[in-house]
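Visitor: Hi! I'm new to this one, could you walk me through it?

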Amino acid sequence: MSETIDPLLYMREFVISKKPIQITDKHLDFGNGLLRLPLDTKTAWQRRDKKGYYTLGSLFFMVINSETKNSDYCREAARLNIPQVSFQDKPFVVGYFMGETTEC
C-alpha cells in the first residue's frame with residue numbers, strides 16, 4: 001500500500017515547528033533528507049487572481065522571504081527561476097504557513 005502526503009500540510013508542519021527545510025538541486029529537502037520534493041511540485045493553492053496554482057517552491061520561497069524587500073525577493077526568485085507569489089496573496093500564504101490561520 002502506498003502512502004501519500006499533502007505537500008502543503010507537510011510543509012506547514014515543518015515551518016511551524018521550525019524543522020529544517022532547504023532548497024537543494026531544484027528540490028525542497030525536508031528534515032535533512034527525510035523527504036525531497038521538486039520545487040515545481042503542483043499544489044492545490046489557487047492564485048487569488050485565478051491565473052493558475054502555486055508550486056511548492058513558490059510558496060516556500062515566499063515564506064522564507066516574507067521579511068525581504070520586494071525588489072530583493074523578485075530579483076532572487078528570478079535568479080533561481082522560481083515563480084513569484086503575488087503580493088495580493090502574500091499575507092494569506094505567510095499567515096497559513098506560520099500557523100496564524102488554518103485555511104489556505
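**A first walk through the model**

Guide: Let's begin just after α4, where Gly99 takes a positive phi of about 85°. Keep in mind that this is a predicted model.

Visitor: Okay, and α4 itself: how many of its residues are buried?
Guide: α4 is mostly covered, with 6 of its 8 residues buried. Those are Lys90, Val93, Val94, Gly95, Tyr96 and Phe97.

Visitor: What do the buried residues of α4 pack against?
Guide: They pack against α1, α2 and β4, the strand at 42–46.

Visitor: Let's go inside. Which residues touch the most other members of the largest nonpolar core?
Guide: Met11, Phe30, Leu59 and Phe97 do, in a core of 26 residues. The elements giving two or more residues to this core are α1 (7–16), β2 (27–30), α2 (56–64), α3 (70–79) and α4 (90–97).

Visitor: And which one gives the largest share?
Guide: That's α2, with 6 residues. As for cover, 8 of the 9 residues of α2 are buried: Leu56, Gly57, Ser58, Leu59, Phe60, Phe61, Met62 and Val63.

Visitor: You mentioned Leu59. What does Leu59 touch?
Guide: Leaving out residues up to four places away in sequence, Leu59 touches Leu8, Met11, Thr43, Trp45, Tyr54, Val85, Val93 and Phe97.

Visitor: How do α1 and α2 sit: roughly parallel or roughly antiparallel?
Guide: Their axes come within 11 Å and cross at roughly 20°. An angle under 35 degrees counts as roughly parallel, so that is how α1 and α2 are described. Their crossing is right-handed.

Visitor: Which residues make that contact between α1 and α2?
Guide: From α1 you have Pro7, Leu8, Met11 and Val15, and from α2 there are Leu56, Leu59, Phe60 and Val63. The residues of this contact divide into 8 nonpolar, no polar and no charged.

Visitor: New topic! Where does Lys26 lie?
Guide: Lys26 lies in the loop between β1 (21–24) and β2.

Visitor: Is Lys26 buried or exposed?
Guide: Lys26 has a relative accessible area of 67%. Anything over 50% counts as exposed, so Lys26 is exposed.

Visitor: What does Lys26 touch, then?
Guide: Not counting residues up to four places away in sequence, Lys26 touches Pro38 and Leu39. There is also Ile82, 56 residues apart from Lys26 along the chain, with 9.4 Å separating their C-alpha atoms.

Visitor: Great, thanks for the tour!

How values were computed: Residues are numbered from 1 along each chain as its sequence is written. This is a predicted model: local features need pLDDT of at least 70, side-chain atom pairs count only at pLDDT 80 or more; totals for chains, interfaces and linings use all residues. Side-chain values use heavy atoms; hydrogens and water are left out. A nonpolar core is a set of buried Ala, Val, Leu, Ile, Met, Phe, Trp, Tyr and Cys residues joined through side-chain atoms within 4.5 Å. Buried means under 20% relative accessible area, exposed over 50%, partly exposed in between (1.4 Å probe, protein chains only). Helices (H or I, at least four residues) and strands (E, at least two) are DSSP runs, numbered from the N terminus. Contact means heavy atoms within 4.5 Å. Axes are lines fitted to C-alpha atoms, for helices over the stretch in contact, and angles run from 0 to 180 degrees between N-to-C directions. Angles under 35 degrees count as roughly parallel, over 145 as roughly antiparallel, 65 to 115 as roughly perpendicular and the rest as oblique. A crossing is left-handed if the near helix is turned anticlockwise from the far one by less than a right angle, and right-handed if clockwise. Ala, Val, Leu, Ile, Met, Phe, Trp, Tyr, Cys and Pro count as nonpolar, Asp, Glu, Lys and Arg as charged, and the others, Gly among them, as polar.
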